[in-house]
Amino acid sequence: MRYGMAIDTKKCVGCSDCVVACQLENHVPVGYARDWIVEVTEGIYPNLALEIRSERCNHCDNTPCVRTCPTGASHIIEGGIVKVTHHECIGCGACIQSCPYDARYTHPEGYVDKCTFCDHRIKNGQDPACVSVCPTHCMYFGDLDDPNSEISRLVNTRRTKTLAPEAGTKPQIFYLI
Amino acid sequence: MKEEIITSGRLNPLIDPVLNVWHWEIPAYLFLGGLSAGLLFFASLYTIMNKEKEYSTAVKIAPIIAPIAIALGLIALMLDLKHPLYSWQLYTTIRLESPMSWGAWTLMAVMPLSVAWVAIYLDQVFPKVDRRPNIILKVLFMVIRLKDEEDENGINWEYKYKWMRDLKNWIFKNRVTMAWILMPLAIILGVYTGILLSAFNARPLWNTSLLGPLFLVSGISTAAATIMWLTESKEERVLFSRIDLVMIIVELFFIVHLFMGFLASSEVQIEAAGLFLGGHFTAPFWGLVVVMGLIVPGILEALELKGFHVPVAVPAALILIGGAIFRIIMVEAGQITRWLY
Ligand code: SF4
Ligand code: SF4
């Protein structure tokens, strides 16, 4: 079992519904966000190329954030999901420094927080909140180890990229391009 | 042209628009850790070399700073923690992959050893106490008691309980063994202050293995400057300003290598080096750290060794200030460097 996401940059319109859905679902404190939209504009007017991406923790395979955590609060659970145990976190910020995607933040209560792939929802067979609300259905969540899953088929048949692969973290969110 | 922007308005405090999770606390912790590491290194080195008499400041007096600096450093670290009530969790596991973890353990090991080190020499350094009890003395009375003999310099004292005196004598007898334990720990502590940063691949400016040796040498240099400042013996002062001079040269050499390494590396590291080569940190780094904190004190020390009269406080203070600014700049600048947008 290896959970991952595929996000179709050709379908994403940058509406930020995923951002709001996550904030509501996970009671993200006001002013914070676990996912966000990036717009990349390339070229010179009028010859422009646009890419829109919904980004979040990549639930990396090679996790610097887990490695540098001094207490073991940052850890990996079944399916490769990277989580933080709040009552073990001392708020030292080491994991924040080690994430190339700046996917983590300190919760106002002091512990570090981030995307959980909505593990409380997937336990019940639901998709993560962001995936389930996307009006263009540009996001796919599933098991990358299962060759017949929709996400595996997409990742294997479409051209994909990951973010900053040169940072060596082996991200598990694939952008279909 | 390429423009990458976050359009959903991510403004996580301390993360956006640029990462700024660590403030003054971490550089303070690194500076105090490096200074103590250097002081304990010299104390144990000259004990092992059986030079306690010649270099008594290094062995007996300067180490008094170490436990105080470590305690202040640990306080700074605690202030940096955003979930401090849970900080005891640092000491429920050892995670060798996490420098923060083994560094915290190293400090935990060095702290009692440095206190013991100070305690065995305290009656030699301060053989007499003032006749009139003052606040400090009142606190000290928890562990010391006065002996009867008294002269115009004050009253002799000794440790209050017999087990303390026995322990002190036992450690004093075994101080060479203790020095052998303390020396590697001091080196580990000194290297750790650099490795803490270089373990973060996500911050290109820190991600170089040179930072460990560079911070170690810088820590040793600040310690040598401190000893040079404190000592009253000419011989000791000359030795430590020579040592400091060598450390300054090694540091300059490492700094040149640091930038050569960056410029020959990937784009993100070239950009990181750019912060110091024309970018935001150019003036403070080259002006305050390299010229004011290394080259000027180096020249002053060389002049003094040549026989010119230079008040020793000047180069020593410059080295200490330069070392502190160096750590502040590295921590600040490192957090700005990144892989994406
Ligand atoms: S994206 Fe960052 S926080 Fe998430 S697993 Fe990777 S390194 Fe850790
Ligand atoms: S902030 Fe918390 S989760 Fe992050 S490294 Fe420190 S203890 Fe671990």
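In chain A of this predicted model, four strands make up an open sheet in the order β8-β1-β10-β9, with mixed pairing. Strands here are DSSP runs of E with at least two residues, and helices are runs of H or I with at least four residues, numbered from the N terminus; two strands count as paired if DSSP finds at least two bridges between them. At the edges of the sheet stand β8 (139-143) and β9 (160-161) of chain A, each of which pairs on one side only. Strand β1 (residues 3-8) of chain A runs antiparallel to β8(A), and five bridges join the two. Within this pairing, I7(A) lies opposite M139(A) of β8(A).

Residues are numbered from 1 along each chain as its sequence is written, while chains are lettered from A and ligands numbered from 1 in the order in which they are written. Because the model is predicted, local features need pLDDT of at least 70 and side-chain atom pairs count only at pLDDT 80 or more, whereas totals for chains, interfaces and linings use all residues; side-chain values use heavy atoms, with hydrogens and water left out.

Chain A also holds a hairpin, in which β2(A) is joined to β3(A) through two residues. Strand β2 (residues 36-44) and strand β3 (residues 47-55) of chain A run antiparallel and are joined by nine bridges. One of the pairs places V38(A) with its bridge partner R53(A) in β3(A). Over all chains, a search of the whole structure finds 19 salt bridges.

Strand β2(A) has a partner in the other chain as well. It runs antiparallel to strand β1 (residues 2-6) of chain B, and five bridges join them. In this pairing V40(A) stands opposite E4(B), and T41(A) has E3(B) as its bridge partner.

The interface between the chains brings 43 residues of chain B into contact (heavy atoms within 4.5 Å) with 49 residues of chain A. About 3,900 Å² is buried between chain B and chain A, and carbon and sulfur atoms give 55% of this area. Buried area is the accessible area (1.4 Å probe) that two parts lose on being put together, summed over both. Of the area that chain B buries against chain A, R10(B), H83(B) and W339(B) supply 15%, more than any other three residues.

Polar and charged groups take part in the interface too. Three salt bridges are counted between chain B and chain A, and in one salt bridge the side chains of R203(B) and D102(A) meet at 2.9 Å, N to O. There are also 22 residue pairs in polar contact between the two chains, with both residues at pLDDT 80 or more. A polar contact is a pair of N or O atoms within 3.5 Å; within protein, one must be able to donate a hydrogen and the other to accept it, and residues adjacent in sequence count only if both atoms are side-chain atoms. On the side of chain B that touches chain A, β1 and α4 (99-125) of chain B each supply at least two residues. The most come from β1(B), with five residues. By class, this side of chain B has 22 nonpolar, eleven polar and ten charged residues. Ala, Val, Leu, Ile, Met, Phe, Trp, Tyr, Cys and Pro count as nonpolar, Asp, Glu, Lys and Arg as charged, and the others, Gly among them, as polar.

Chain B has an open sheet of its own, with three strands in the order β2-β4-β3 and antiparallel pairing. Its edges are β2 (128-129) and β3 (144-151) of chain B; each has a single partner strand, so one side of each is left without a neighbour in the sheet. Two bridges pair β2(B) with strand β4 (residues 154-159) of chain B, and K128(B) has N156(B) as its bridge partner in β4(B). Five bridges join β3(B) to β4(B), and these strands form a hairpin with two residues between them.

Methods. A salt bridge is a side-chain nitrogen of Lys or Arg within 4 Å of a carboxyl oxygen of Asp or Glu.
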